[in-house]
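Trainee: I have this one open on my screen. Can we go through it piece by piece?

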Amino acid sequence: MTHPYLTGLPVPRVLAHRGLVTADAASSGIVENSFAAVAAAHAAGADYVESDCHLTADGTVVLFHDPDLSRVTGDPRKLADVPLAELEDLMAERGGLITLEQALDAFPETRFNIDVKAAAAAAQAGAIVAPYAERVLLTSFSDERRREALTSAREVRADLLPATSAGSGTILRLLAMLVVRSARGVARQLAGIDALQVPERQRGIHVVTPRFIEAAHRNGVEVHVWTVNDPDDMRRLVAMGVDGIVTDRADVALAALS
């Protein structure tokens, strides 16, 4: 059965990577994963926002990609060492901090793809998204972290878990099963998975191939490719059968794929 996260909206899906920050917005100081970036993606017509989460020093799950603040704010501290109020001050001139709970409440029509970046955030993130399971996909490069978040979500809401995409370990095992042409092994790796979210290439290896896409579809799993910003690449991947494009330029993707 297809998860509600992946029903009722057109394919190909455009997933706004960390929201949307245009060149004009960036020149005015707006940064990724901010309230303004999520709002811009929503205003551009993106149904899906891909974001990341970490835990602040005082235990709030916030949308943020890096483990430290150096790239986004110039502050070298780790995000886990900064309390919420101080982080809000740092982000005030950069588009505004947004917590995971605020994102889900402030954008009730948006479907969120949440990558759990910190192990400390996994259980709390799962509990937060559980009531919104119909429009949340939980993921992580770490399968262990992803499963912890899903387990936490199940403790809050048993009737429906958030959708989920495979972690790095599962992807590697899946690729191995494709090499040896084990349909049973492929099905085993994809059990309980709703989407494969992968780069087209990784370290010179083609991940997204016709065989990869066909195997996913045969098992009821979608393929979303990150991070694609060139319109020609978007159209080429969709022509191959890819179901979703994760992009920094959701506005460009929506125009290119309409």
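Trainee: Which residue in β5 is the bridge partner of Ile114?
Mentor: Strands are DSSP runs (E, at least two residues; helices are H or I, at least four), numbered from the N terminus. Four bridges join β4 to β5 (residues 136-139), and the two run parallel. Pairing needs at least two DSSP bridges. In β5, Ile114 is bridged to Leu138.

Trainee: What kind of model is this?
Mentor: Residues are numbered from 1 along each chain as its sequence is written, and side-chain values use heavy atoms, leaving out hydrogens and water. Local features need pLDDT of at least 70, side-chain atom pairs count only at pLDDT 80 or more, and totals for chains, interfaces and linings use all residues; this is a predicted model.

Trainee: Which residue of β4 is the bridge partner of Tyr48?
Mentor: β2 (residues 48-55) pairs with β4 in the parallel sense, over six bridges. There, Tyr48 is bridged to Arg111.

Trainee: Is Val223 buried or exposed?
Mentor: Val223 sits in strand β10 (residues 222-226). Beyond its neighbours within four places in sequence, its contacts (heavy atoms within 4.5 Å) include Leu196, Phe212 and Gly244. Its relative accessibility is 0%, so Val223 counts as buried.

Trainee: Where is Thr227, which a cis peptide bond joins to Trp226?
Mentor: Most peptide bonds are trans. Here omega is about -25 degrees. Val11 to Pro12 is also cis, with omega near 5 degrees. Thr227 lies in the loop between β10 and α11.

Trainee: Asn33 has a positive phi although it is not a glycine. Is Asn33 buried or exposed?
Mentor: Most residues other than glycine have a negative phi. Asn33 has a phi of about 60 degrees, in the loop between α1 and α2. Its relative accessible area is 1%, so Asn33 is buried.

Trainee: Arg203 has a positive phi too. What is its relative accessible area?
Mentor: Phi is about 55 degrees at Arg203. Arg203 is in the loop between β8 and β9. Arg203 is exposed, with a relative accessible area of 82%.

Technical notes: Buried < 20%, exposed > 50% of the residue type's maximum accessible area, 1.4 Å probe, protein only.
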